[in-house]
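Me: I have a structure open and would like to learn how to read it. Could you take me through some features, one by one?

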Amino acid sequence: MSDLSELYQEILLEHNSKPRNFYKLEEADRSADGFNPLCGDKIALYLKLDGDIISEVGFQGSGCAISRASASMLTQSVKGQSVERAEEIFGAFHRMLTEPGEEPDYDALEDLESLAGVAEFPTRIKCAILAWHTLKAALEGTQESATTE
Amino acid sequence: MTTGSSGAITPVVGPGVDVETVRTDFPVLHQMVNGKPLVYLDNASTSQKPQAVIDTLVQYYTMDNSNVHRGVHTLSQRATDHYEEARAKVRRFINAEADEEIIYVRGTTEGINLVAQTFGRQNVGEGDEIIVTAMEHHSNIVPWQILCQERGAHLKVIPITDSGELVMEEYERLLGPRTKLVSIVHQSNALGTVNPAKQITDMAHGLGVPVLVDGAQSAPHMTVDVQDLGCDFFVFSGHKLYGPTGIGVLYGRADLLNAMPPYQGGGEMIKSVTFEKTIYNDLPHKFEAGTPDIAGAIGLGTAIDYISNLGMSNIYNYERELLEYGTQRLSAIEGLQIIGTAREKAGVLSFVMEGIHPHDIGTILDTEGIAVRTGHHCAQPVMDRYEIPATARASLALYNTREEIDALVKGIDRTIEVFGRGL
């Protein structure tokens, strides 16, 4: 198992203690709830869309450092991006966690690369991915809450 | 307690249990996990197995494997004898009156479902009530919800205090003419609270209401005497009691079991079958349709021998001292809060930490070789009661040591250190 500092990088801990865009968007165009039934992590994600562009994004909820930091970084990385680009970022993020042998797409990932260590902790991958499933649910406008199951 | 081969007295760690000798009986404990010696503190989920239990399973499949109550051949007779001897061991272990009152099931969950689907469907009707506590495992909530939904009955919940004790006045108030069953956890898996099962039973019996006691957590840690408790049903799992997975026990009073319809139909549970009419078998076979977990039952018998030889009161005293030590050490950690501080408590140290989620605690402890459970412990209503999403839980067994508690404390210190960098 890799060193703990690989998993809990400072940037992750910093996002955990001071999450970005940690609020409810009162006039959200889209929103979705995410829930990890196994560990109880909960998230609510809110989006404002300007045409095809995600102009605003906020989240609320409770969860472990990994799920919270991942959600915080998500809001940073997709804000101002097109829906298509957001999906590309999700794809790159998913590949980084599930195919750790491959070279990550650094351009798409930016800060999210600091979550690469999660790939070494299979039980925690769901924590990192919860916010992203929730984003997908919000973009698709599905009513049911997203889960990692 | 023991005299070593040199004739010198071996130091006894704790009253009555020589933990170093005990540890040599559990092979799984002697391994490195993530480069550190394994510290197994997830015993409320499942306990480890002594070599004697493992050997029993190997012996059974190597020499005796056969179906029970069916063949005239030697192996079948041998398997049947061992299977029924194990039933007698279970009876003695919980001091039931008769072997026929011991029904083998898959585990506590199946035992409760059996009672819900037989006794429950027979006795619970529209507007009736079933009483549980606010600290139940999901396995003692959902089977009753299913029954209530089917019957138009209501589930009533005895509330708990901040320390995790039942509010007995509320229980008294909930008991009434519509109460058809009281089903309570003996020892809470999430909080460690030991409930006054005898008093609860007495109060219910005052109104003629039967009581089921969920002993999944209590049976491994204390002497259980179903006749003294007076309960009508008692359920527990083999795998939390140092036995194999897949085997558990439902104890029921013979008169109740006789009056109940069968749970599942099939072989073994019948006396005679024609397409017109089936005559059900006598207890306990009436409730044991199909080929049972024969090896598991025999292994459970060995596990009961193992702990009975050590003595349940010795185990209780040893673990109690360890729990007190753990409580002291954990309470001294700044920012750590123990969830569940009942006066009567056993085996469980559930805790939360300021600013650090239980899953992160669990992952960091794992890198130190320490196994704890994190999450809601299949007791979401308990988490809601304390307004927390989850806890980290260290749960004890007879092979745990003070040194392992010290390792846990060191692991928690490490967690604080890791998280301190980000604050």
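Reply: Let's begin with a salt bridge, meaning a side-chain nitrogen of Lys or Arg within 4 Å of a carboxyl oxygen of Asp or Glu. Here A:Arg124 pairs with B:Asp360 in this way, and their closest N and O atoms are 2.9 Å apart. Some ground rules: this is a predicted model, in which local features need pLDDT of at least 70 and side-chain atom pairs count only at pLDDT 80 or more, while totals for chains, interfaces and linings use all residues. Residues are numbered from 1 along each chain as its sequence is written, chains are lettered from A and ligands numbered from 1 in the order in which they are written, and side-chain values use heavy atoms, leaving out hydrogens and water.

Me: How many salt bridges are there between chain B and chain A?

Reply: The count is 1 salt bridge. As for contact (heavy atoms within 4.5 Å), 18 residues of chain B touch 21 residues of chain A.

Me: Which helix gives the most to the side of chain B that touches chain A?

Reply: Helices are DSSP runs of H or I with at least four residues, and strands are runs of E with at least two, numbered from the N terminus. Helix H12 (358–367) and helix H14 (402–420) of chain B each supply at least two residues of that side. H12(B) gives the most, with 6 residues.

Me: How should I read the packing of two helices?

Reply: Two packed helices are described by the angle between their axes and the distance between the axes. Axes are lines fitted to C-alpha atoms, for helices over the stretch in contact, and angles run from 0 to 180 degrees between N-to-C directions. In chain B, helix H2 (residues 51–64) and helix H3 (residues 74–94) pack at about 160 degrees, with axes 10 Å apart. That makes H2(B) roughly antiparallel to H3(B); angles under 35 degrees count as roughly parallel, over 145 as roughly antiparallel, 65 to 115 as roughly perpendicular and the rest as oblique. H2(B) brings B:Tyr60, B:Met63 and B:Asp64 to the contact, and H3(B) brings B:Leu75, B:Arg78, B:Ala79 and B:His82.

Me: What about the backbone?

Reply: Most residues other than glycine have a negative phi, and most peptide bonds are trans. A:Asn21 has a positive phi of about 50 degrees although it is not a glycine. The peptide bond from B:Leu283 to B:Pro284 is cis, with omega near -5 degrees.
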